[in-house]
Amino acid sequence: MEKKEIEKVKPKFKVWLEYKGNTILGKGGAKLLQTIRDRGSLSLAAKELSISYRYAWGYLKKMEKRMGVPIVSSFKGGAKGGGGMKLTETGENLLRKYKRFEEFLEFALQNPELWEAYGLRTKEKNRIRGEVIKTEENDNAAVVKIKIEVPVTITSIITREAAEELNLKMGDRVKAIIKATEVMVDKKDG
Amino acid sequence: MISARNKVEGEIVDIEKRKLLAKVKIRVTSPVIITAVIVKEAIKEMNIKRGDVVEAVIKATEVLIEK
């Protein structure tokens, strides 16, 4: 497969909420609660989502049974008559919780900068030329001491927060700290 | 030895702040030795020995900064 095609392969995910090992709310459930919230009625919500009233009702009852408390509350009357439905405090909390994690994961997956922050993807690599002045072998590992050619520029990617905390600015004298196990050695052929 | 850290002193010559990350370029002018801990097999495979010219390859996200 070509590299360009691999770029088209996208990560996907599913989030759901569980309570005591039972699924409470997934994508469909969250959509139902959101629509009930927006429309103020179960029949309008079911219609909008193209599901039957009965199915939607059954779905809510199952959620409530698993949670042990009501998730929606129905009321009668109102200005237009016919009554309606709204989310209980638990219902609101569940919907909020679902949306928060869903949005967070969506954001994380759509944000290559974040992948870099977590080291999932690093485009930036430092390649620093130098001369091997010593090699030493232990049981499993080998230690290679490289005298690097200066001047050289080292690029560091840190969080913006860290940069601001350290108040980094142009001209500052700093130390680049690199764990020895994170240094790979490349030797050109010949 | 595994937790050995390299400290390379230099001067910040560029800072590029993005939304979450900051890219900092550090200019190193004084001679410095970088230690690499690699698997023993690698040293044999590549036949690394004293006097070889090599490249130390380091992901930019693995370079921390101390001020």
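**View 1. The pairing of S9(A) with strand S4 of chain B.** In this predicted model, S9(A) is joined by 3 bridges to strand S4 (residues 53-59) of chain B, and the two run antiparallel; strands (E, at least two residues) are DSSP runs numbered from the N terminus, and two of them pair if DSSP finds at least two bridges between them. Within S4(B), Glu55(B) is the bridge partner of Asp186(A). Residues are numbered from 1 along each chain as its sequence is written, and chains are lettered from A in the order in which they are written. Local features need pLDDT of at least 70, side-chain atom pairs count only at pLDDT 80 or more, and totals for chains, interfaces and linings use all residues.

**View 2. The open sheet of 5 strands.** The order is S9(A)-S4(B)-S5(A)-S6(A)-S3(B), with antiparallel pairing. Strand S9 (184-186) of chain A and strand S3 (32-39) of chain B stand at the edges, each with a single partner strand, so one side of each has no neighbour in the sheet.

**View 3. The largest nonpolar core.** This core, a set of buried Ala, Val, Leu, Ile, Met, Phe, Trp, Tyr and Cys residues joined through C-beta atoms within 7 Å, has 32 residues, and those with the most contacts inside it are Ile146(A), Val24(B), Ala36(B) and Ala56(B). Its largest share, 4 residues, comes from strand S2 (residues 21-28) of chain B. A residue counts as buried if 20 or more other C-beta atoms, placed from the backbone, lie within 10 Å of its own.

**View 4. The surroundings of Ala56(B).** Leaving aside residues up to four places away in sequence, Ala56(B) touches, among others, Ile128(A), Ile146(A), Val183(A) and Ile34(B), contact being C-beta atoms within 7 Å.

Terms used:
A residue is buried if 20 or more other C-beta atoms lie within 10 Å of its own, exposed if 12 or fewer, and partly exposed in between; C-beta atoms are placed from the backbone. Two residues are in contact if their C-beta atoms, placed from the backbone, lie within 7 Å.
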